[in-house]
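Dear colleague,

Please read the notes alongside the coordinates.

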Amino acid sequence: MIRVKSTGELEQMRTAGRITAIARKAAAEAVRPGVTTGEIDRVVRRTIEGFGAKPSFLGYGGFPGSACISVNDEVIHGIPGSRVLKEGDIVKIDVGAFIGGFHGDCACTVPCGQVSDEARRLIEVTRQSFYEGIRFAHEGNRVSDISHAVQVYCEEHGFSVVRKFVGHGVGVELHESPEVPNFGKPGHGLRLHKGMTLAIEPMVNQGVYDVRILPDGWTVKTRDGKLSAHYENTIAVTDGEPEILTSIDGEVL
């Protein structure tokens with residue numbers, strides 16, 4: 001079932017989204033050589049709880065952290081812990097906050113110190129592919145119009161988009177219908193309607209799009225061991241331009 005949000009519910013989601021975006025920014029600012037992924041996770045938890053909200057991911061399906069922190073060839077769902085970041089790593093930070101009955105969900109990829117030109121290009125293309133996608137997040141368009149735009153942009157730049165994991169609706173539940181793939185043909189699937197809220201999240205690999213899940217049951221890695229980047233925001237479909245809900249007073253990381 002697709003949950004279309006009322007004006008009041010969207011206001012609640014803006015609050016959740018703003019807290020989520022603040023936590024993402026705080027975590028990104030904590031990335032530097034010598035810091036552990038566990039320390040960054042604690043920054044996320046303190047930030048979210050400081051607003052009276054709850055980390056959406058903590059305990060979700062048994063996940064042990066407040067954020068998913070994935071490094072280099074880890075695509076998503078990395079478990080924070082004792083891993084020490086080093087110069088040249090790229091760090092994916094995925095956070096969610098729950099308050100007032102609604103979730104916000106967003107992610108970014110952060111360079112740790114100086115990274116290679118190719119790593120930086122991967123990060124930039126992944127972020128921009130999100131914006132290429134939301135150009136089509138208009139009432140009356142279809143979900144696959146977003147998906148196709150993300151795929152085309154990434155592949156034009158020599159990268160591949162992950163097929164096994166996709167974006168999703170978000171709101172009362174962290175994961176709602178519909179699924180929002182980052183690939184596919186345009187003009188197919190569900191039509192977009194005002195009040196729909198979606199977590200659009202390109203997951204983009206330097207090499208092949210195939211991935212594997214580690215024995216911990218969570219961490220997803222690229223099949224070929226090459227780098228991956230991730231970028232995500234929660235958006236609302238309006239009767240005009242889409243609104244990014246995971247922003248800080250209109251600013252988006």
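A crossing is called left-handed if the near helix is turned anticlockwise from the far one by less than a right angle, and right-handed if clockwise; helices (H or I, at least four residues) and strands (E, at least two) are DSSP runs, numbered from the N terminus. This is a predicted model, in which local features need pLDDT of at least 70 and side-chain atom pairs count only at pLDDT 80 or more, while totals for chains, interfaces and linings use all residues. Residues are numbered from 1 along each chain as its sequence is written, and side-chain values use heavy atoms, with hydrogens and water left out.

Helix 1 (residues 7-30) packs against helix 2 (residues 37-50) at an angle of about 150°, their axes lying 9 Å apart (axes are lines fitted to C-alpha atoms over the stretch in contact, and angles run from 0 to 180 degrees between N-to-C directions). The two helices are therefore roughly antiparallel, a word used for angles over 145 degrees, and their crossing is right-handed. Contact, meaning heavy atoms within 4.5 Å, involves residues including Ile19, Ile22 and Ala30 of helix 1 and Ile40, Val43 and Thr47 of helix 2.

As for strand 9 (residues 197-200), both of its faces are covered, with Thr197 and Ala199 on one side and Leu198 and Ile200 on the other all buried, that is, under 20% relative accessible area with a 1.4 Å probe, protein chains only. Strand 9 pairs in the antiparallel sense with strand 7 (residues 167-169) over 2 bridges and with strand 14 (residues 233-236) over 4 bridges, where pairing requires that DSSP finds at least two bridges between the strands. Leu198 is the bridge partner of Gly169, and Leu198 is also bridged to Ile235 in strand 14.

Best regards

Definitions and conventions. Buried means under 20% relative accessible area, exposed over 50%, partly exposed in between (1.4 Å probe, protein chains only). Angles under 35 degrees count as roughly parallel, over 145 as roughly antiparallel, 65 to 115 as roughly perpendicular and the rest as oblique.
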